[in-house]
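Here's a quick briefing for anyone opening this structure for the first time. Have a look at the display, then read on.

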There are 2 protein chains.
Amino acid sequence: MQKEGNVVAFQGEHGAYSEQAVFSHFGNTVMTEALRTLHEVFDAVEKGAVPYAVVPVENSLEGSVNETYDLLLRSSLKVGGEIELKIIHCLIAHTGTNIADIEAVYSHPQALSQCRKFLEGKVWEIIPAYDTAGSVKMLKERNMKQAAAIAGEISADAYGMQVLARGIQDQPNNYTRFFVISKDESGPTGRDKTSIVFSVAHKPGTLYQAMEPFAKRGINLTRIESRPTRQKPWEYHFFLDFEGHISDVKCKEALADLERIAAFTKALGSYPKAKES
Amino acid sequence: MQKEGNVVAFQGEHGAYSEQAVFSHFGNTVMTEALRTLHEVFDAVEKGAVPYAVVPVENSLEGSVNETYDLLLRSSLKVGGEIELKIIHCLIAHTGTNIADIEAVYSHPQALSQCRKFLEGKVWEIIPAYDTAGSVKMLKERNMKQAAAIAGEISADAYGMQVLARGIQDQPNNYTRFFVISKDESGPTGRDKTSIVFSVAHKPGTLYQAMEPFAKRGINLTRIESRPTRQKPWEYHFFLDFEGHISDVKCKEALADLERIAAFTKALGSYPKAKES
């Protein structure tokens with residue numbers, strides 16, 4: 001997928017963790033397009049403005065990115081790749097600003113809470129902001145020299161700022177999983193995963209029955225996630241990830257069985273498993 | 001549970017949807033305590049500073065409130081009640097401000113996106129903020145008369161502001177589900193639900209096996225939700241809601257079966273089903 005001249009869209013400001021995921025998958029020289037919302041990201045690929053986009057799916061501490069799941073359900077795009085990015089939060093400020101100069105720290109509430117131990121006991125005012133990289137951008141644009149932001153290392157590069165401390169998160173095991181989306185399907189590589197979505201009638205045992213086709217073939221489910229249908233309160237779509245490619249006989253048979261049981265099924269795509277990062 | 005003199009804690013600013021849920025369950029005269037984080041809310045009940053708290057669990061459009069699930073897992077508190085609140089977003093401004101005076105609209109990104117159709121075509125600057133009721137409070141405190149906020153009706157009352165438009169969300173089916181948490185268990189009423197959490201070994205068929213005890217007894221599962229364990233990336237706890245009280249024979253047997261299969265199980269509590277609101 002690393003064709004030259006490609007542009008890859010992501011949600012957020014330049015320097016965002018999503019942009020870091022783009023670089024880790026497509027290489028550092030790929031062109032990127034920063035879009036304001038995930039909705040705009042899906043739109044850009046659907047309309048052919050960009051061939052690929054990278055969207056966050058889940059974080060190992062925080063769980064699913066709900067909006068991505070809702071957009072995947074409605075979109076005709078295919079999931080063709082998976083990226084796992086280790087999240088390494090950094091304290092970022094203007095060049096020349098020392099830790100002792102800092103009076104306030106800005107970041108997304110999740111990043112702030114993931115750095116609780118580092119922030120504890122400091123006299124800094126903690127100010128929740130809408131975005132991690134966006135906080136770095138704000139400090140730069142407003143020339144705020146008594147403040148710092150918590151964001152990824154590449155956001156310091158993006159805005160010509162300085163990393164004062166690196167890896168300041170409480171938990172080392174902080175990963176975000178991303179999907180590469182495009183109009184194309186990915187062929188089998190022998191170490192693939194498949195993502196599907198389905199719904200079942202709201203009565204006892206239906207979800208259990210829906211999982212049988214996978215259990216009886218020894219297909220390993222790597223994730224199940226429920227999302228509200230948005231049509232009727234407290235009715236759910238189930239997002240399922242399992243090992244194997246949709247063209248594998250076992251997977252094809254399991255899906256055919258599921259289609260007979262489920263009220264609705266949709267394959268989102270098969271893709272090579274992310275390399276351990 | 002509507003004892004006099006009770007104080008019920010919730011997360012957010014006064015006027016928040018969580019406070020509205022408190023009033024709908026405990027009556028309008030109950031005392032409330034607004035706390036900054038869900039962590040502080042759980043803490044206040046655990047330490048006995050307040051007997052009850054009301055915490056959001058899921059929204060019918062947006063899905064789970066991840067932080068609540070993580071706190072329930074670690075807490076010794078019991079879920080003893082369930083509340084369903086219809087979310088009715090309002091456009092709120094200073095008294096005397098007309099729709100034509102508005103230049104900017106503040107609210108939580110979720111509330112803004114839920115009112116997309118209402119906001120479309122308006123010339124207003126849309127500004128994401130950390131909180132719905134907090135946006136109303138900010139307009140009041142900073143005397144911002146050319147701006148409006150999107151929040152629940154009671155936040156207008158809380159800050160002496162005015163509702164300019166009511167029910168401005170795109171989708172009428174917008175409900176948030178809350179849990180009442182305390183140190184006490186709730187006795188059976190005949191129309192109860194139970195919430196549990198469990199984990200299973202990460203191999204094919206284990207989740208399927210874990211659901212069998214419920215399927216074979218015809219126990220209706222009303223929700224399954226996976227959450228990262230936070231210990232190891234991509235390992236999950238499963239939160240399960242089902243119909244019945246933990247003291248019902250059928251439910252007791254199913255739980256005993258599950259305990260033999262699962263690596264870990266914990267009952268969060270049984271509670272009367274929420275009334276349809």
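Helices (H or I, at least four residues) and strands (E, at least two) are DSSP runs, numbered from the N terminus. By that count, chain A has 9 helices and 15 strands. Its radius of gyration, taken over C-alpha atoms, is 21 Å, close to the 19 Å from the globule rule (2.2 Å times the number of residues to the power 0.38) for 277 residues, so chain A is as compact as a globular protein of that length. Keep in mind that this is a predicted model, where local features need pLDDT of at least 70, side-chain atom pairs count only at pLDDT 80 or more, and totals for chains, interfaces and linings use all residues. Residues are numbered from 1 along each chain as its sequence is written, while chains are lettered from A and ligands numbered from 1 in the order in which they are written.

**Chain A overall**
- The C-alpha trace of chain A spans about 65 × 45 × 35 Å along its principal axes.
- Of its 277 residues, 47% count as buried (20 or more other C-beta atoms within 10 Å of a residue's own, with C-beta atoms placed from the backbone).

**Where chains A and B touch**
- Chain A puts 33 residues into the contact and chain B 32 (two residues are in contact if their C-beta atoms, placed from the backbone, lie within 7 Å).
- On the chain A side, β13(A) gives the largest share, 8 residues.

**A look at His94(B)**
- You'll find His94(B) in the loop between β6 (90-93) and β7 (104-107) of chain B.
- Beyond its neighbours within four places in sequence, His94(B) is in contact with Leu139(B), Lys145(B), Met161(B) and Gln162(B).

Key:
Buried ≥ 20, exposed ≤ 12 C-beta atoms within 10 Å, placed from the backbone.
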